Amino acid sequence: MANSNKISSLWIQEAVIFCAMFALTMLHEWIFINSPENFLKGLGFFLILYAQAQVHRFYIYPYYLRRSYLVYTILTLTGVSVGAIMLFTADYYWIKPDFFGDEGFLLGFIYHFVICVVSTVTIMALSLMKSYATELQRRNHDQLLLNEMNLKFLHAQLNPHFFFNMLNNLYGVSLTEPERTPALIVKLSELMRYQIENWNLTKVKLEGEISFIENYVDLERERIGKRCDIRLNYSSSTSDTQNRFIAPLLLIVLIENSFKHSQNFKHWFVNIDIHLSEEGLKMHIENSLADESLKKHSTQIGLANIQQQLEFLYKDAHRFTTERLPDRHCTEVFINLKNS
């Protein structure tokens, strides 16, 4: 339905441009359009102009966008010349046979060549203005969508209960091992500050995002480390780590889910492997399956949201897979940080 409306809108726009161009082109000739035959002659004259301009718009102009300037110049001159010859021929033999004398061929060709150039420039100007307006509208829509998605993901990020649990843990640690309390408070404050400062940005430095993940995992170790085997490995096979950027708070959703849905009395584990290469960033997570009595209700909204955000931000520059095995759940995401 949406595609049908879009196609109808494009046809309406083209029809408006056609009518406006016809009116402007024939403005000085309206006084002579006093019969159906003269109207058809005027329409035929305009259709030739309009057709050669549209050929330039759809078939010749793309060479300019591809930076094939020599080919574009040759095709433009050829197209305009062909249009001028067709227009001159129609004028000479049908529309206005008495307008040019026997010695007016060269002058007539130049006149029609200029008319074709003006028509092409006008059509291209209208087309480019329409494309520019469409692009602005698309960018505004994308920005609104991004803001909306960021707001949704802000609520889907770290559960407030996590912070309450961590505060309780900090209280317990402060009673038994007070020397560890300052470092844990610093980690928790860094976690909260990073989330508040970066959630609405489009990109952040990869190093900062990795530090955020490490702080989160360290705090989870303090919360459930004695009951859960937690492993986090970050490696890099490239020296270019300073100039890598990523959408903020993207990977943490998958990491939090791995902790949330992996509680197991027998063997509770969460293994996170993050590797940075020349091609991009790959994160592989394996976690235990939750016992039936410990399973938490999942609406799968978070997983659907992460897929939408990856598609929106990275389009064809990412891969995302999930797999449930008999004894574990595997999640893998790859993001091409160079071509995204």
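Two strands count as paired if DSSP finds at least two bridges between them. β6 and β7 are joined by seven bridges and run antiparallel. All views below are taken from a predicted model.

**Figure 1. The β6–β7 hairpin.** A hairpin of three residues connects β6 to β7. Within this antiparallel pair, phenylalanine 320 has valine 333 of β7 as its bridge partner. β6 covers residues 318–324, and β7 covers residues 328–335.

**Figure 2. The five-stranded open sheet.** The strand order is β2-β4-β5-β7-β6, with mixed pairing. β2 (229–236) and β6 (318–324) are the edge strands; each has a single partner strand, so one side of each has no neighbour in the sheet. With direction ignored, neighbouring strands of the sheet are turned by 5° against each other on average. The protein as a whole has nine helices and seven strands.

**Figure 3. β5 and its two partner strands.** β4 and β5 are paired in the antiparallel sense through seven bridges. In this pair, asparagine 271 has glutamate 286 of β5 as its bridge partner. β5 and β7 also run antiparallel, joined by eight bridges. Here leucine 281 is bridged to isoleucine 335 of β7.

**Figure 4. Helices α7 and α8 against the sheet.** α7 packs on the sheet and touches β2, β4 and β5. The direction of α7 makes about 165° with that of β2. α8 lies across β2, β4, β5, β6 and β7 and runs at about 15° to β5.

**Figure 5. The largest nonpolar core.** This core holds 45 residues, of which Ile246, Ile255, Ile272 and Met283 touch the most other members. At least two residues each come from α5 (160–176), α6 (181–198), α7 (206–224), α8 (251–260), β4 (269–276), β5 (281–288), α9 (301–314) and β7 (328–335). The most is given by α7, with eight residues. In soluble globular proteins, nonpolar side chains tend to be buried together.

**Figure 6. Surroundings of isoleucine 272.** Which residues does isoleucine 272 contact, leaving aside its neighbours within four places in sequence? Val217, Arg231, Leu232, Asn233, Ile255, Phe259, Met283, His284 and Ile285 are in contact with isoleucine 272. Ile255 and Met283, like Ile272, are among the core members that touch the most others. Among contacts in the protein with a separation of 6 or more, 72% are between residues 24 or more positions apart.

**Figure 7. The α2–α3 helix pair.** The axes of α2 (residues 36–65) and α3 (residues 69–95) come within 9 Å and cross at roughly 170°. Angles over 145 degrees count as roughly antiparallel, and α2 and α3 are therefore roughly antiparallel to each other. The contact of α2 with α3 comprises 18 nonpolar, five polar and two charged residues.

**Figure 8. Asparagine 336 after β7.** Asparagine 336 sits in the segment after β7. Is asparagine 336 buried or exposed? Its relative accessibility is 16%; buried means under 20%, so asparagine 336 counts as buried. Leaving aside neighbours within four places in sequence, asparagine 336 contacts Glu279, Gly280 and Ala317.

Notes
Residues numbered from 1 in each chain as written. Predicted model: local features only at pLDDT ≥ 70, side-chain atom pairs only at ≥ 80, totals over all residues. Heavy atoms only, no water. Core = buried A, V, L, I, M, F, W, Y, C linked by side-chain atoms within 4.5 Å. Buried < 20%, exposed > 50% of the residue type's maximum accessible area, 1.4 Å probe, protein only. Helix = DSSP H or I, 4+ residues; strand = E, 2+ residues; numbered from the N terminus. Contact = heavy atoms within 4.5 Å. Axes fitted to C-alpha atoms, helices over the stretch in contact; angles between N-to-C directions. Parallel < 35°, antiparallel > 145°, perpendicular 65-115°, else oblique. Nonpolar A, V, L, I, M, F, W, Y, C, P; charged D, E, K, R; others polar.
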